[in-house]
Amino acid sequence: MATATATSIHDLIERVQRYNPNAQVDLIRRAYDFSARAHEGQVRRSGEPYLKHPLAVAEVLTTLKLDVSAIVAGLLHDTVEDTVCTREQIEAEFGKDVARLVDGVTKIGQIPFKSYEEKQAENFRKMLISMADDIRVILIKLADRLHNMRTLKHLSPDHQQTVAQETLDIYAPLANRLGIGWMKAELEDLCFKALKPDVYAALADRVAKRLEEREQYVQKIIAIVKAKLAEHSLAGELAGRSKHLYSIYQKMEHQGVSFDEVYDLTAIRVITDTQMNCYAIMGLIHSLWQPVPGRFKDYIGVPKSNHYQSLHTTVVGPQGEHVEFQIRTHEMHRIAEEGIAAHWTYKEQGEIDETEKRVFTWLRQLLESHQDLTDNRQFMESVKLDLYSDVVYVFTPKGAVKELVKGSTPIDFAYGIHTEIGNHCSGAKVNGKMVPLKYQLRSGDTVEIATSPTQVPHRDWLKFVRTPRAKNKIKHWLRVEEAQRSLELGKRLLERELRRHNVALGTLLKTTRVQEVARESGLPGVDELFTAIGYGKVSAIHAANRLCVDAAGRQGAATAPEGEDKTGVKRAAAAIEDKGVKVKGIHDLMMHLSKCCGPVPGDRIIGYITRGRGLTIHAADCPNLDALDYDKARLVDVDWDMGQAATVPVKITTLTLDKPGLLANVSAAITHADANISRAEITTREDRKAVLDFIVEVQNTAHLGRVLKAIERIDGVLQARRVRSWQETK
């Protein structure tokens, strides 16, 4: 949507009065003066006075025709964060409504975060919470981001890339889900320009030349349709609309076509007076030109989740070129332009009525679906999936429409209705016929869910469910169930160890000793101690020893089998030392290196606590970690103890020419690099090449690098590389 920019407070007030003649303009003027005083002396990276930014944000909000409170909040949105002003001052000057909006938009940059990803996740989580209370918060935030993207060139190249990628991942799809198509298109094009400037410039030049050529063609089509509408006495306003650059680029990338193969650079929009006439006009267009199969979409009968309504159809026009038409009423066009803002422009405090709330249930579900996620990476990926997903529309037995991610199953549908229905889903009928729970639903399906009180979620469900809501609910149930099982297992393990000391757990539970040991282990209570033992965070042997210490401080191992408990702690501690791994905040923990990735000192690593088996050390890039995604609470930060001199085994594969003496030469090179070979295999190939596989003991990644370089220097060696179990040996 092209709009004139407000360059002064007078321009801004004039824009507000165009759609709201009774607006409290004095409040807007006071907010402008307040913001000017607060930001006095501050300048942006461009060198311009900072005040130009809040004025530009407020101007974007007038394009959405927002109320005075939102315009005022737009003018003040940075005062609490970037100046000495407080929320209390804002509330005293402009009221609670404005103060709440400013507080909701205020960034949380002053809170220290470990990483940019953590800051991004927490910032967006706060926006979701604020958005659930008042949708104007996110509209102000979007206006803020839009102006920042318009002035992005003043930032450093690296910062431009970071901001543009975040905008493309989160803010552009969020604008789309809120129905603000023009804002989504502008954000995407600005991101495209920042992320791929050369591709953007080349495509912009080619599109400009092509549009000049197509203008006469489009006007010819419009003239034909106008004549047909007049012939049948149908009202209709027609105009050409160029597709934005990023959508053209996406089409070229996703469909693997060249620019010359993209025909529908321009869509023709038809705006009429009634819904009935929309269908009538579509029929007339189809009578003029043949429709392209599969390119007709009825968003009037089944609106998008953002309440967008139109008929879309593509026809084979004159000279065989594809022409896309979008047909809608004036009211549908207003909603398509203004998005969610069209539903409550003049209503109190950003409220929408119950009917409209049902239309935007996804907003509340977006918050609910992700509130249990504590891992920031998982949270952001889940939110992105929710924002990006293509959708299917299915029906309940009573005819209510449910929107789901494309590829969703009856399990996704069940969780979309209610968590308990999802948890106890035992079967499903689609269009009256029983289907497997992994059946992929299609638009138009009618779904009926059968439940059973004995049915519970299975981990296998995670392999085929598609909606973030279903995935998160299943993972939550599994975590709770796993914790309960770990509690019971930990209790049994501790009872077994105590029996070696001829001590009954029941007797100890009548005293305060178990509670004391729990606190000494950094745990709040007895149940948490049992759970930690079951998870493998605390050794049952160690806990039993602590519980059986007598008043003199001597261990009760004298009553146990000889050597059993005396060496238990030493064995566990030695296991940690032998691996050369330091575990922050955890002691006395069984540990082993994962065989799937075979981490080497120097690799980035992470630990995963396996119930009853202790800690498994994985490389941070191990793909098998994705399979453990359901329980992030059991991931443990670990580091290599680089002071240790221990070695670890690593597999090396070498591709060589098949000639005598090479095995001996490679073996000698490994030995000269101070590495020990524990196993060697040789395989010859038909192409006169040989594959030499070794298991070599190395100290760290630097040592491994020296070994590989020593091998590659040998005449006849074509390649030498490290191999992990998930990688195919070539």
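I began with F94, which touches L27, R30, A31, F34, V72 and L76, leaving out residues up to four places away in sequence. Contact here means heavy atoms within 4.5 Å.

Before going on, I noted the ground rules. This is a predicted model, where local features need pLDDT of at least 70 and side-chain atom pairs count only at pLDDT 80 or more, while totals for chains, interfaces and linings use all residues. Residues are numbered from 1 along each chain as its sequence is written, and side-chain values use heavy atoms, with hydrogens and water left out.

**Cores.** I then asked which residues touch the most other members of the largest nonpolar core. Among its 76 residues, they are I28, V72, L76, F94, L178, M183 and L203. A second, separate core has 33 residues, including L593, L615, W640 and L662. For my own reference, a nonpolar core is a set of buried Ala, Val, Leu, Ile, Met, Phe, Trp, Tyr and Cys residues joined through side-chain atoms within 4.5 Å. Buried means under 20% relative accessible area, exposed over 50%, and partly exposed in between, with a 1.4 Å probe and protein chains only.

**Overall.** I found 28 helices and 21 strands in the protein. These are DSSP runs numbered from the N terminus, helices being H or I with at least four residues and strands E with at least two. Of the 730 residues, 50% are buried. Among contacts with a separation of 6 or more, 67% are between residues 24 or more positions apart.

**T467.** I looked for T467 and found it in the loop between β11 (447-451) and α21 (468-500). T467 counts as buried because its relative accessibility is 9%. Apart from neighbours within four places in sequence, T467 contacts L404, V405, S408 and D412.

**I605.** Next I went to strand β14 (residues 605-610), where I605 sits. Is I605 buried or exposed? I605 has a relative accessible area of 12%, so it is buried. Leaving aside neighbours within four places in sequence, I605 is in contact with V581, P599, I617, H618, A619, A620, V638, D639 and W640. I also noted that I605 and D621 are 16 residues apart in sequence and 8.1 Å apart in space, C-alpha to C-alpha.

**The four-stranded sheet.** I traced an open sheet of four strands in the order β19-β20-β18-β21, with antiparallel pairing. The edge strands, β19 (676-684) and β21 (717-723), each pair on one side only. From one strand to the next, the twist averages 20 degrees. Two strands pair if DSSP finds at least two bridges between them; β18 (residues 648-657) and β20 (residues 689-698) are joined by ten. I picked out V650, whose bridge partner in β20 is V696.

Helix α27 (residues 662-672) lies across β18, β19, β20 and β21, at about 20 degrees to β20. I get angles from 0 to 180 degrees between N-to-C directions, with axes as lines fitted to C-alpha atoms, for helices over the stretch in contact. How do α27 and α28 pack, and at what angle? Their angle is about 145 degrees, with the axes 9 Å apart. V666, A669 and I670 of α27 meet V707, A710 and I711 of α28 in this contact.
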